[in-house]
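The sequence and structure come first, followed by notes grouped by topic.

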Amino acid sequence: DDEDERPETLAWIEDTMREEYFWNGDIPEANRLNYSADPETFFPTLLSTEDGKTRKGIHQYYSYIEKVSGGTRGFINEEYTYGFEYTAVNISDRNNTYSYYGVLVLYVIPDSPAAKAGLKRGDWIIKANNKDILTYTNLENLFDGNSKTLTIGQWNEQEWGFVNHKEVSISNARTIDYNPIFMAEIIPWGNKKVGYLLYDRFTKGKDNKDSSFDDELRLLSNDMFSGVDEFVLDLRYNNGGLLSCVQLLCAILGPADILTKESIGYLKYNDDTKSPFGAGTRILGSGKNLSLKRLFVLVSTDSASASEAVINLLRPLMEVVVIGEKTEGKNVGSETFTSKDKVWEMHPITSKICNSKGFSDYAEGLSPDHDMGDTFEHHANGDISKILTDIYDLGDERERLLRVALDIIGGSTYNNSGSRGLLPSGMKLKRGPINSIDRKATNGVIIDIE
């Protein structure tokens with residue numbers, strides 16, 4: 001029997017994929033597969049073009065396989081970091097007579113090397129150790145973890161460049177206690193009490209056995225957020241994580257009757273079977289449902305997977321006002337399979353995530369109700385048309401996206417037909433090849449419900 005001639009690991013990969021993979025109908029027939037390949041070469045040959053996205057001409061699959069290195073993958077608190085999130089921008093002229101990078105600080109983690117150096121949201125790093133950031137390699141070296149002197153500037157539209165240079169010293173990168181509940185506060189607005197939560201990753205605790213972050217959300221719902229009139233959920237830097245965290249947020253932020261619903265959505269598998277899931281009392285645990293009538297969600301092009309699931313799942317149940325940019329568009333879920341010898345872990349896409357109305361058609365992203373950037377304005381083709389200079393701290397009432405939510409809460413109609421910004425002729429701005437939010441990305445909502 002030919003079957004037995006397959007190496008054990010490849011047989012496990014193929015058999016699991018033929019059974020579990022969402023697009024299993026696209027897997028080539030056995031006689032077209034190369035059983036002498038190593039697992040990392042073999043695995044991608046099974047994948048469907050429906051899996052993942054093509055960006056800048058390169059197809060990036062969501063499904064992947066990796067050698068098990070022990071521990072959980074991708075938690076920021078296992079990494080050495082300076083403690084700030086950033087995005088790089090390439091600034092050039094059309095003839096490329098000059099081209100350099102600026103690195104915009106998006107936010108800073110308290111008590112980190114970046115915080116101690118005095119970096120803050122809206123700062124631009126334009127030199128490292130007094131050298132311009134001219135190449136991709138320069139850009140990568142900026143984040144090598146060593147202590148260095150950074151030159152900070154502010155963008156000036158008239159000058160078409162950076163002004164007010166100052167130098168700061170940043171110490172070596174180190175591990176930082178990371179908490180996805182980055183900011184939680186009450187904003188008094190008119191006669192209303194507005195809850196604000198900046199949540200930057202759907203993760204329940206410090207590792208798979210810990211639920212301290214979920215427990216903190218439950219505590220906040222009973223304490224600080226108890227009795228709020230309105231709520232702003234900031235997911236602009238959140239590109240995903242666990243489905244169980246999605247369920248908990250929905251149980252806290254959804255309308256009161258969400259707790260008694262059999263299900264708020266379902267996973268749809270390759271054979272069209274459906275697996276419903278809820279956001280009921282069991283999920284809520286010691287937390288409190290805030291009985292909200294509507295929810296404001298702040299998003300960006302980085303908001304993905306679990307962030308999009310919260311919006312999609314709550315939309316049929318309550319008014320959800322989405323402010324920001326079109327989201328990434330990850331409407332799928334992945335599961336983890338481990339080989340018998342515990343050497344390999346496979347993370348294929350196994351399901352689509354549908355809301356209670358059966359809607360899951362947002363592979364191209366969810367469009368905001370109020371379309372605006374918080375740090376840049378974009379052309380239709382995705383290139384930057386304007387670098388914004390009115391960038392306030394997250395949670396500041398003047399901050400662009402939050403302000404729109406507060407204006408609507410305050411009863412003023414919000415009209416966003418603002419300028420899209422026109423570049424001086426001959427100038428080009430492109431989002432750079434490095435964006436720190438990407439390194440936290442999951443390849444779909446991680447399905448962790450029993």
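F296 has V321 in β16 as its bridge partner. The model is predicted: local features need pLDDT of at least 70, side-chain atom pairs count only at pLDDT 80 or more, and totals for chains, interfaces and linings use all residues. Residues are numbered from 1 along each chain as its sequence is written, and side-chain values use heavy atoms, with hydrogens and water left out. Helices (H or I, at least four residues) and strands (E, at least two) are DSSP runs, numbered from the N terminus.

**The sheet**

- An open sheet of six strands has the order β10-β11-β12-β15-β16-β21, with mixed pairing; two strands pair if DSSP finds at least two bridges between them.
- The edges are β10 (181–189) and β21 (370–371), each with a single partner strand, so one side of each has no neighbour in the sheet.
- Six bridges join strand β15 (residues 294–299) to strand β16 (residues 319–324) in the parallel sense.

**Helices on the sheet**

- Helix α5 (residues 212–222) packs on the sheet and touches β10 and β11 (192–199); its direction makes about 10° with that of β10.
- Helix α9 (residues 400–409) lies across β10, β11, β12 (230–234), β15, β16 and β21, at about 160° to β15.
- Angles run from 0 to 180 degrees between N-to-C directions, and axes are lines fitted to C-alpha atoms, for helices over the stretch in contact.

**The pair α5 and α6**

- The axes of α5 and α6 come within 11 Å and cross at roughly 5°.
- The two helices α5 and α6 are therefore roughly parallel to each other (angles under 35 degrees).
- D214, L217, R218 and S221 of α5 meet C245, L248, L249 and I252 of α6; contact means heavy atoms within 4.5 Å.

**Nonpolar cores**

- A nonpolar core is a set of buried Ala, Val, Leu, Ile, Met, Phe, Trp, Tyr and Cys residues joined through side-chain atoms within 4.5 Å.
- The largest such core has 47 residues, and Y199, F231 and L233 have the most contacts inside it.
- Helix α6 (243–253) is among the elements that each supply at least two residues of this core, and α6 gives the most, with nine residues.
- Beyond its neighbours within four places in sequence, L233 is in contact with residues including L197, Y199, L249 and F296.
- A second, separate core of 41 residues includes I387, L394, V404 and I409.

**Helix α1**

- Buried residues (under 20% relative accessible area, 1.4 Å probe, protein chains only) of α1 are T9, L10, A11, W12, I13, E14, T16 and M17.
- Their cover includes α2 (39–42), β3 (64–67), β18 (337–338) and β19 (344–347).

Conventions:
Buried < 20%, exposed > 50% of the residue type's maximum accessible area, 1.4 Å probe, protein only. Parallel < 35°, antiparallel > 145°, perpendicular 65-115°, else oblique.
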